[in-house]
Amino acid sequence: MSKMQDTWLILGASSSIGRSFASEVAKKGARILLAGRDKDDLERTAHDIEIRYGVPVRVILFDAQDFEKHDLFIQVVEEFMVGRLNVFACFAVMPPQDQMNHDFEAIQQTVNVNYLGIVSLYTKLTPIFEQQDGGSIVTLSSVAGDRGRKKNFIYGSTKAALNTYLSGLRARLHEFGTHVMTIKPGFMDTAMSWGHPGMFLVASPEEAATAFVKAIKKGKDVMYFPFFWWGIMTIIKSIPERIFKKMSI
Amino acid sequence: MKWKNIAYTSWGATTETEVQAGRPERVRDVINYVEQSAKLETHLLAIGACKSYGDACLNEDANVLLMERMNRILDFDPRSGEITCEPGVTFNELFELFLDKNWMPPVTPGTGYATIGGAVTNDVHGKNHDRDGSFGDHIKWIELVNSKGEIMRVSARKHNDLFRATIAGLGLTGVITAVNFQMKEAPTNAVLVRYKRMNNIKDYIDRLIKARGQYEFSVGWIDMTAKGKNLGRGILEEANFADTNIEYKRLEPKKIPKIIPGFAINRLTTKIFNNRYYHRIPEKGLDKFVPLQKFLYPLDNWKNWNRLYGKKGFYQMQCVLPDKTAELSITRILGACHTAKISSPLAVIKTMGSEGAGRLSFPMKGVTLALDFPNTSRTLNVIRNIHEIVATHGGRIYLAKDNVLDTATFRKMYPNYRDFMNTKDSYDIINLFSSSLSRRIEL
Ligand SMILES: Cc1cc2nc3c(=O)[nH]c(=O)nc-3n(C[C@H](O)[C@H](O)[C@H](O)COP(=O)(O)OP(=O)(O)OC[C@H]3O[C@@H](n4cnc5c(N)ncnc54)[C@H](O)[C@@H]3O)c2cc1C
């Protein structure tokens with residue numbers, strides 16, 4: 001981030017990652033827009049950030065699935081933003097795969113939130129990035145998108161679609177100087193992962209936020225976090241399909 | 001919301017407890033967890049930093065909520081010093097955020113790692129009790145989630161019964177989700193401490209009572225190994241704010257390595273340490289400028305100093321005794337420790353000014369004594385003897401530090417327990433909120 005005044009729009013700001021990231025960029029003086037569905041909770045975070053870091057913070061209600069309201073949402077963003085806009089999106093849903101093996105509504109919600117919600121919003125935000133000098137669009141995807149696993153493939157496939165979309169968006173906005181970053185986190189210590197069996201080396205939201213901000217500064221395109229997940233996924237991706245299909249990971 | 005199986009101990013680390021733990025990040029999560037526990041008919045307890053020494057923060061075979069992620073500052077008025085925050089905020093954080101604006105917590109326990117939630121529900125006291133009372137005296141309102149999953153805001157004006165049951169309520173009235181309280185003005189970030197030798201228990205208590213409220217802060221250390229005419233000797237620290245700020249940056253605390261043997265604190269090392277500690281202060285006394293946080297949190301330099309007591313952990317006994325019986329009963333308590341050949345370097349004496357606002361508040365006008373005991377085969381007996389002495393002399397045992405007291409003695413010491421139970425019963429009909437402590441003393 002340069003000395004230029006920055007505004008950061010945090011999509012999914014009620015999550016611990018969203019909160020930590022917002023605090024991390026607020027520390028550096030950015031204006032903050034907190035977007036999400038739990039208004040009371042977002043207000044709490046807004047006050048916390050204002051008091052701790054002395055930056056202006058505003059709360060906007062946002063529902064990824066409510067596509068019709070996205071235009072209005074962008075208007076509010078434009079009213080509040082000063083200087084350059086940056087986006088950090090960290091919302092997703094992950095119903096259990098067992099449920100999604102038969103429940104189409106859950107599948108639809110997963111696709112709507114994790115994929116279409118982002119595509120709808122980013123499409124509408126693109127003109128802002130075309131007009132401004134630089135800025136970052138940072139999206140929390142998942143290592144689950146690297147390969148379809150028996151245990152998590154609906155969720156994984158929405159993340160795979162998202163990764164492909166972001167790769168294209170990166171190319172499309174390159175000429176405008178926009179930095180589009182895809183984050184593929186492994187295990188992070190969040191409400192989503194709390195109590196899940198088989199977790200190891202989980203990173204705290206604060207550690208994650210610090211690492212993300214560092215990677216943004218370096219202009220990374222795709223980032224595995226923690227870094228060793230790059231190695232794990234390289235191995236998983238290299239397993240031939242005829243063997244992989246027999247594995248229950 | 002999901003639960004996770006965890007094992008943990010309180011600060012005394014005498015017993016490891018297994019629980020199902022939830023970790024809410026917002027009020028909605030708390031409600032969700034409360035409703036789940038009610039449906040499962042499983043006891044629930046919110047916990048803070050687990051700096052309680054005994055079983056106040058334990059909930060064996062039941063559910064707990066780790067409140068660490070609910071740690072936001074919700075409101076702060078830099079002119080009046082009124083603050084609202086979530087319960088997971090720690091005392092250290094309040095110092096880091098507000099001391100340079102000349103505000104500090106109104107009352108703080110001897111560790112900066114304790115949380116505001118823990119401060120409310122144990123109605124904690126500090127080194128300024130004579131002047132400022134305990135934490136509960138500074139609270140305007142508390143927001144909590146009750147066992148029906150409803151959000152309630154309680155104060156002296158609204159639901160006063162629940163307000164007074166929640167202050168010092170040991171987490172048994174609900175899950176606190178916000179607290180509004182008045183901060184204290186801190187003109188500078190340092191204190192001028194006057195260190196004085198006290199030769200014996202009589203002089204000590206005389207001085208404490210005579211100087212009551214004359215200084216902003218006051219706390220004394222007792223050399224538990226001293227006997228005979230030196231019984232109860234120690235060092236008294238009396239402090240006022242310094243006139244100017246001093247350079248201070250809190251260092252990350254050091255960790256006690258795992259390899260330190262469990263007998264690091266025994267009678268011999270204690271005797272050597274205590275002797276040095278006592279003679280460090282010259283006979284004529286010593287004046288010194290000390291950073292406020294260092295003065296208030298002398299033990300926090302070592303993150304896990306409780307390890308020094310080894311694998312079996314340790315006990316702390318803290319009691320308060322009315323002025324009138326203080327000298328006699330404290331002499332007896334120290335005597336009981338000598339007879340049992342038990343001592344430790346940590347022995348603290350302070351005066352207290354008045355009763356607290358909570359039904360089960362520990363403070364009363366008198367003298368309070370806190371003693372650490374290594375966990376040996378003799379320890380429990382000594383502690384029970386002390387409880388007997390305290391009960392006979394009209395005193396009280398601090399529940400935040402206890403895991404030994406029995407129901408009958410508890411009731412004798414806390415005559416308002418019935419009011420407390422009536423209030424708890426009327427708001428928590430299903431008795432959802434419960435802890436290892438509450439089941440032990442039948443609260
Ligand atoms: C080195 C040291 C020095 C100390 N000095 C003092 C002192 O000088 N004066 C003093 O008074 N105490 C002192 N204590 C004791 C300590 O201040 C108390 O035990 C305090 O309650 C610990 O806070 P905690 O956040 O660790 O709470 P915990 O120990 O985790 O919990 C304490 C109680 O608070 C309840 N609780 C916590 N959060 C919530 C919530 N959100 N909603 C409902 N209930 C909740 C728990 O159920 C439990 O009953 C000291 C402790 C240590 C380790």
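Predicted model: local features only at pLDDT ≥ 70, side-chain atom pairs only at ≥ 80, totals over all residues.
**View 1. The open sheet of chain A.** The sheet comprises seven strands of chain A in the order β3-β2-β1-β4-β5-β6-β7, with parallel pairing. At its edges stand β3 (57–61) and β7 (222–225) of chain A, each of which pairs on one side only. On average, and with direction ignored, neighbouring strands are turned by 20 degrees against each other.

**View 2. Pairing of β5 and β6 in chain A.** Strand β5 (residues 136–140) and strand β6 (residues 179–185) of chain A run parallel and are joined by five bridges. A:I137 stands opposite A:V180 in β6(A).

**View 3. The interface of chain A and chain B.** Contact involves 20 residues of chain A and 27 residues of chain B. About 2000 Å² is buried between the two chains, 46% of it given by carbon and sulfur atoms. In chain A, the residues losing the most area to chain B are A:R44, A:R52 and A:W194, which together account for 41% of what that side buries.

View 4. Eight salt bridges are counted between chain A and chain B. One of them joins A:R44 to B:E86, with the closest N and O atoms 2.8 Å apart. On the side of chain A that touches chain B, α1 (16–27) and α2 (39–53) each give two or more residues, and α2(A) provides the largest share, seven residues. This side divides into five nonpolar, eight polar and seven charged residues.

Conventions. Residues numbered from 1 in each chain as written. Chains lettered and ligands numbered in written order. Heavy atoms only, no water. Contact = heavy atoms within 4.5 Å. Buried area = accessible area lost by both parts, 1.4 Å probe. Salt bridge = Lys/Arg side-chain N within 4 Å of Asp/Glu carboxyl O. Helix = DSSP H or I, 4+ residues; strand = E, 2+ residues; numbered from the N terminus. Nonpolar A, V, L, I, M, F, W, Y, C, P; charged D, E, K, R; others polar. Pairing = 2+ DSSP bridges. Axes fitted to C-alpha atoms, helices over the stretch in contact; angles between N-to-C directions.
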